[in-house]
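Please look through the structure below together with its sequence, and follow the chain slowly as the paragraphs lead from one part to the next.

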Amino acid sequence: MWIRIMKPKVKEYRNGWSALFERLPNGMYWAHVRRSNGELHDKIRCDDYQTACDYYKSFCAIARNN
């Protein structure tokens, strides 16, 4: 059995907001967006890679535009 290892993706923006995307040990994917003061703005945990990628793109747009 081959397990796909993924490095977490983190994007930090000039306004201080950040978006993170990573694979959890149980095989699920986790994405979240944080405000400039470090507070969690929104998060999602998905079992599908494509859905998690779509949320990550949305979270990047939220972080970029605030």
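Lysine 9 stands opposite phenylalanine 21, a residue of strand 2, in this model, which is predicted. Strand 1 and strand 2 are paired in the antiparallel sense, and four bridges join them. In general, the strands of a sheet pair through backbone hydrogen bonds, and the pairing can be either parallel or antiparallel.

Four strands make up an open sheet, in which they follow the order 1-2-3-4 and the pairing is antiparallel. Its edge strands are strand 1 (9-12) and strand 4 (40-46), each of which pairs on one side only. From one strand to the next, the twist averages 5°. Helix 1 packs on this sheet and touches strand 1, strand 2, strand 3 and strand 4, while the direction of the helix makes about 165° with that of strand 2.

Within the sheet, serine 18 is worth a separate look, and it belongs to strand 2, which covers residues 18-23. Is serine 18 buried or exposed? Its relative accessibility is 18%, and because buried means under 20%, serine 18 counts as buried. If neighbours within four places in sequence are left aside, serine 18 is in contact with Lys11, Glu12, His32, Val33, Arg34 and Ala63.

The aromatic rings give another way to read the fold. A search of the whole structure finds five aromatic pairs. In one of them, the ring centres of tyrosine 29 and tyrosine 49 are 5.3 Å apart and the planes stand at 70°, so the pair is edge-to-face. This pair links distant parts of the chain, since tyrosine 29 is in strand 3 (residues 29-34) and tyrosine 49 is in helix 1 (residues 49-64), 20 residues apart. Tyrosine 29 counts as buried at 8% relative accessibility, whereas tyrosine 49, at 25%, counts as partly exposed.

For tyrosine 55 and phenylalanine 59, the ring centres are 6.1 Å apart and the planes are at 50°, so this pair is tilted. Both residues, tyrosine 55 and phenylalanine 59, lie in helix 1, where they are four residues apart, about one turn of the helix. Tyrosine 55 counts as partly exposed at 35% relative accessibility, while phenylalanine 59 is buried, with a relative accessible area of 3%.

Finally, phenylalanine 21, the residue that stands opposite lysine 9, returns in a new setting. Phe21, Tyr29, Tyr49 and Tyr56 form one aromatic cluster.

Methods:
Residues are numbered from 1 along each chain as its sequence is written. This is a predicted model: local features need pLDDT of at least 70, side-chain atom pairs count only at pLDDT 80 or more; totals for chains, interfaces and linings use all residues. Side-chain values use heavy atoms; hydrogens and water are left out. Helices (H or I, at least four residues) and strands (E, at least two) are DSSP runs, numbered from the N terminus. Buried means under 20% relative accessible area, exposed over 50%, partly exposed in between (1.4 Å probe, protein chains only). Contact means heavy atoms within 4.5 Å. Rings of Phe, Tyr and Trp (its six-membered ring) pair if their centres lie within 6.5 Å; planes under 30 degrees apart count as stacked, over 60 as edge-to-face and the rest as tilted. Two strands pair if DSSP finds at least two bridges between them. Axes are lines fitted to C-alpha atoms, for helices over the stretch in contact, and angles run from 0 to 180 degrees between N-to-C directions.
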